[in-house]
Amino acid sequence: MNKHVELKNHQREIYYFRLRLVVSIGFVLVLLAILLARFAYLQMVRHDHYQTLAESNRISVVPIVPNRGLILDRNGVVLAHNYSGYTLEITPNRTADLEATINELSTLVEITPKDRKRFRKLLAERRNFETLMIRSRLSDEEVARFAAQQYRFPGVEIKARLFRDYPYGEKTAHLIGYVGRINQTDVAQLEENDLAANYRGSDYIGKTGLEQSYESELHGATGVEQVEVDSGGRAVRRLSRAPPVSGNMLVLSIDAKLQEIAFQSFGNYRGALVAIDPNNGEVLAFVSKPGYDPSLFIDGIDTQSWDELNNSPDTPLNNRALRGQYPPGSTIKPFMALAGLHYGERAPDLAISDPGYFTLPGSSHQYRDWKKEGHGSVDLFKSIVVSCDTYYYGLATDLGIDRIASYLPRFGFGKKTGIDLDGETSGLLPSQEWKTRRYGQKWYAGDTVSVGIGQGYNLVTPMQLAHATATLANNGIGYKPHLVREVRSAHVDENHAIGNEPLPDLGIEPAHLDLVRRAMVAVTRPGGTAVQAAAGAPYHIAGKTGTAQVIAMKQGEKYDEDQVQERHRDHAWFIAYAPAEQPRIALAVLAENGGHGGSTAAPIARKVLDYYLLGKVPQPLPDVAEKEEEEHD
Amino acid sequence: MTRRQLWLRFIAHLDRPLLLGIVLLLLTSLLVLYSADNASWGQPLNQMLNIAAALTCMWLIANLPLHYLMRTAVPIYLLGMALLIGVALFGEISHGARRWLNLGVATIQPSELMKIGVPLMMAWYFEKHEATLTMKNYIVATLLLLVPVGLIARQPDLGTALLISASGFYVLFLAGLSWRVIGGLFVAALVSAPLLWSTLHDYQRLRILMLLDPSQDALGKGYHTIQATIAVGSGGLLGKGYLKGTQTHLDFLPERTTDFIFAVYSEEFGLLGNLILLSLYSFVIARGFVITANASTYFTRLMAGSITLTFATYAFVNMGMVSGILPVVGVPLPLMSYGGTSMLTLLLGFGMLMSIETHKKLIKT
C-alpha cells in the first residue's frame with residue numbers, strides 16, 4: 001500500500017517535471033526565434049543600410065571638445081581664459097609613411113625634436129581615427145606656407161584649437177594652478193570614474209590649483225559629430241551633430257588687484273599671504289611667493305625649465321600658503337590666552353613677574369624670553385602687547401598639552417580648513433598621544449613649554465592661521481574658507497552661488513574676546529610690537545607679530561641676526577584684521593627668513609589693508625621702487 | 001588490458017553527442033579567433049591551452065560518480081560565499097568595481113565560481129528535502145540564491161548577478177515552484193523595476209539608456225553597439241568571407257576576440273553562418289535536455305536542466321547584446337569567446353552533464 005503511493009507520487013513527479021521541461025524547451029525556442037528574427041532583420045531587411053555604413057565606415061565619430069570655463073575674479077577681471085591658435089595635426093590611419101611625412105613637413109614648418117618626441121608619445125596612446133598634434137601655435141606665416149602645399153600631405157591638416165592662458169602668470173600660479181596634457185595616470189583616473197568618454201578629444205585636464213579642484217565644472221560636456229570621411233581622411237558629409245556644452249565659469253572671491261599688490265609687497269622675500277573676509281569666509285587674496293610661469297606646464301614642460309624650477313632653493317613649485325607648515329611663533333599667543341581664560345588658568349588681571357626666563361619646578365633649565373632683562377610685571381593684556389614669552393611658558397605648563405590640544409582645534413589648528421583647493425596640509429597640533437605614536441616617546445613637560453610660544457612640535461599653514469584670525473575677528477564664528485563665489489553656467493540659467501558655510505559658534509565669553517581683541521589693537525599702538533607698520537593708518541588694526549625659529553639656539557647662546565646665514569634667519573609672521581571694530585578683512589602673512597614679524601611681515605600686511613580698506617595703491621609698486629633705487633645709486 | 005579496452009575506459013564517461021557539439025563549436029571558435037586577432041596565432045594558441053585545460057577538468061568531472069558530485073555542493077558553496085565576503089571586504093578595485101580577490105598567488109573572481117556553486121547548492125538542498133517539499137523549502141532555496149547574488153550585485157557586477165539569478169531561478173522552476181508564485185514574482189519584478197532603477201550605478205543606467213538610443217553615447221559604450229550592429233548587418237546573407245570583414249580588420253570592432261566575437265563571425269559568415277552556429281548551439285542544448293529528461297534522481301534532473309538552460313541563456317544574452325537588442329552586460333559567448341575562466345566554468349558544467357548521463361545506469365541497478 002505504502003509502496004504503491006510512493007510509486008504513484010514518483011510517476012506524478014516525473015510527469016510534472018517533464019511538463020516543466022517542455023515549457024523550458026518552449027522558452028529556448030522563443031529565444032531562438034527572437035535571435036533569428038533579429039538576424040534576418042539586420043542581415044536581410046536592413047542589409048543595404050548597414051552595407052553602406054560599413055563601406056563608408058569611413059563613418060568617423062568625431063568628438064567636439066567643449067570650451068573650458070573661464071576663471072574671473074570678484075570684479076570680473078579675467079584670471080584664466082582661452083585663445084585660439086593653429087595646430088598642425090596628422091591622422092595616422094590616413095598617412096602611409098609617418099616618418100617620411102614628418103620629415104617632409106619639417107621643411108615647411110619648424111618641427112623640433114621635442115615635437116617629434118611628443119608626437120611619438122601621442123601615437124602610442126592613440127585611439128581610432130584620432131588626429132594627433134605634431135606642432136602647436138603655428139604662426140600665420142607657417143599656416144600660409146603649409147596651406148599652399150597641403151595637397152601633398154593627405155591626412156595632415158591645420159586645425160584651430162583653444163589654448164589656455166593665465167594673464168596674471170606667477171602672481172596667481174598657486175591659486176589658479178594650470179592645465180596640462182592628459183597623461184596615462186589621468187586616463188586611468190578618468191576610466192576609474194567612468195569619465196573617459198567625456199574626455200575623448202580633450203587634450204588638457206586641470207593639474208593643480210582651482211583648475212584641478214573644479215575640473216568637473218570647468219571641463220564641460222563633449223559633443224559628438226558623426227561625419228563621413230573620404231579615403232584621404234577628409235570629412236565629406238556631416239551625418240549628425242550633438243553640440244558640446246561649454247564648461248562653467250568660475251567667479252572667485254579673490255580681488256585680482258589686491259592679489260597683485262600682496263604679491264608685489266613681498267619684494268624679494270619668499271613667503272605667503274592669505275586674506276579672508278571674516279564675515280563670510282571668502283578668500284580675498286591667496287599668495288605664495290615665489291610663483292612660477294604656469295604656461296610652461298600646459299604643453300609639457302621641457303627638461304631644462306623643469307630642473308630650474310624643481311632644483312631651485314626657493315622652491316617656487318611649493319604652495320606655501322596651502323601646504324607650507326611652519327611653527328606659528330608668537331601668533332599663537334592670542335589663542336593660547338583664550339585657552340587660559342577658558343579653562344580659568346589665568347584671570348584677566350593676574351600679573352606675573354617676568355625675570356626674563358622661565359624654569360620648570362625642580363629644573364634649572366632656563367627657557368628664555370626674547371627680551372633678556374624681562375618685561376617686569378605682566379598681565380594677560382600686556383603679555384599680548386609686548387609678546388611676553390615667560391607668561392606663555394607658564395600658561396602652557398599650567399594648561400597642560402592635552403587641554404591645549406583640545407582647545408586649539410576650535411580655531412582650525414591641526415586640521416584642514418576645507419578650502420576648495422586640493423592638497424591642503426593640516427599642520428600639526430601635538431598631543432601626548434601623537435608623540436607616542438610618532439616617536440614612541442613620552443611627552444615631556446619641556447615639550448609643553450615651547451608649544452606655549454608656538455615653537456616645538458607645533459606647525460601651522462598660512463591658510464590655517466588666516467582662517468583662525470578670521471574666526472577670532474568674527475567673534476568666534478568662523479566660516480569655511482572658499483575661493484569660488486559663484487559657478488556660472490555658460491548656456492542656461494543654472495548659475496549657483498557657492499554658499500557661505502558657517503562653522504559652529506565657538507561660544508567664547510564676550511569678556512574674554514573683548515580683552516584679547518583690545519590687546520591685539522594695542523599691539524599696533526605705541527608700546528606694541530607692530531607700532532611702526534601701523535603708523536598713520538586712519539583705521540584701527542588688530543594684529544599680532546610672530547617669529548618662527550628656523551634653527552635652534554643653544555642654551556645661553558644669543559641669536560644675532562647679522563651672524564646667521566640668510567636661510568637660517570627666523571621666519572616673520574603677522575596676523576591682523578581691520579578695521580578692529582567692524583573687521584572686513586583678516587589675514588596672515590609669512591615672510592620666510594624675514595626676521596621680525598613687526599618689521600618685515602607687518603608692512604606687507606599694511607599695504608594689503610590700505611588697498612582693501614582705502615583703495616590706496618602703493619606708489620610706485622614696491623618691487624619696481626627697489627629696482628629704481630638701485631638704478632639711482 | 002588491451003589498448004582498446006584502455007581507450008574504451010577512457011571515453012566511457014564522455015557523452016559522445018554532447019562532446020561532438022562542443023568540439024564543433026570549439027573548432028569554430030579557433031577559426032574565428034584567428035580572424036579576430038588579425039590573422040595571427042597569438043590568441044588562438046593561448047585559447048588552445050585554455051581549452052586543453054578545461055577539457056581535462058571536464059573529463060575529470062565526467063568520471064566523478066554522482067554521489068561525489070553531490071558531496072561537493074556544500075563545500076563549493078561555502079567557499080564561494082567566503083570568497084565573496086572576502087571580495088566585499090578586501091577586494092581589489094578595478095574600473096570602479098570590486099570584483100577581484102588577490103590571494104597572493106593569483107587574483108580570482110569568486111562570482112565565476114558561484115555560477116556553478118549556486119545551482120549546485122540549490123539542487124542539493126531540494127534533493128535533501130525531496131520527500132517533504134513545502135513552501136518553506138522554496139523560500140530557503142531562494143535565500144540560498146539571493147544572498148550571493150546580492151553580494152555580486154553590490155560589487156557592482158549586475159550582469160553576473162542577473163545570470164546567476166537566472167540559473168537559480170531555473171532550479172526553482174524545475175523543482176516545481178508553483179505557477180502562481182512565478183506569476184506573482186513576474187508582477188513584483190515589473191512593479192519593483194522603477195525602484196531597482198534608482199539603486200543602479202550611473203554606468204549601469206547608461207548602458208540601458210544607450211540601448212534605446214546608442215547615439216546618445218556614441219563616444220563611449222554606445223560605440224560598441226553601433227559598430228557591432230554595423231558588422232552584423234553588413235554581413236548580409238552569405239557574409240563578407242573569412243578574413244574579409246572590414247569592420248573587424250579595419251579596427252572598428254572593440255573587444256572583438258572576447259565579448260564581441262560574434263560580430264566578427266556574423267560579419268564574415270552572414271546569415272547562413274548564423275543559422276549554422278545557432279544549429280550547433282541548438283544541438284548542444286537539445287542534447288542537454290535529453291540528458292535532463294533521462295536523469296535518474298531529483299538532484300541530477302535539477303542540475304542538468306539548470307546547466308542546459310543557463311548555457312542557452314548565455315548564448316542568447318551575448319548574441320542579443322552584440323546584435324543590439326540587449327544592453328552591453330559583459331557576457332562572453334559560451335565556447336566561442338577568448339578567455340580561460342569562462343571556458344573552464346562552462347566545461348565543468350558539461351562535465352557534470354556527462355557524469356549525470358553516464359552514471360545513471362549504475363544508480364538504477
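Which residues of the largest nonpolar core touch the most other members?

A: This is a predicted model, in which local features need pLDDT of at least 70, side-chain atom pairs count only at pLDDT 80 or more, and totals for chains, interfaces and linings use all residues. Residues are numbered from 1 along each chain as its sequence is written, while chains are lettered from A and ligands numbered from 1 in the order in which they are written.

The largest nonpolar core has 118 residues, and those that touch the most other members are L273(A), V274(A), A275(A), L587(A), V589(A), A605(A) and V608(A). Such a core is a set of buried Ala, Val, Leu, Ile, Met, Phe, Trp, Tyr and Cys residues joined through C-beta atoms within 7 Å. Buried means that 20 or more other C-beta atoms lie within 10 Å of the residue's own, with C-beta atoms placed from the backbone.

With eight residues, helix α23 (residues 597–614) of chain A gives the most to this core; a helix here is a DSSP run of H or I, at least four residues, numbered from the N terminus. At least three core residues come from each of domain 1 (60–252) and domain 2 (256–303 + 321–485 + 499–632) of chain A, with bounds from an automatic or database domain assignment.

Leaving out residues up to four places away in sequence, L273(A) touches A262(A), A285(A), V287(A), P462(A), L587(A), V589(A), I604(A) and V608(A). Contact means C-beta atoms, placed from the backbone, within 7 Å. A second, separate core has 112 residues, including I22(B), I51(B), L83(B) and Y338(B). In soluble globular proteins, nonpolar side chains tend to be buried together.

Chain B also touches chain A: the contact takes 43 residues from chain B and 39 residues from chain A.

Key:
A residue is buried if 20 or more other C-beta atoms lie within 10 Å of its own, exposed if 12 or fewer, and partly exposed in between; C-beta atoms are placed from the backbone. Helices (H or I, at least four residues) and strands (E, at least two) are DSSP runs, numbered from the N terminus. Two residues are in contact if their C-beta atoms, placed from the backbone, lie within 7 Å.
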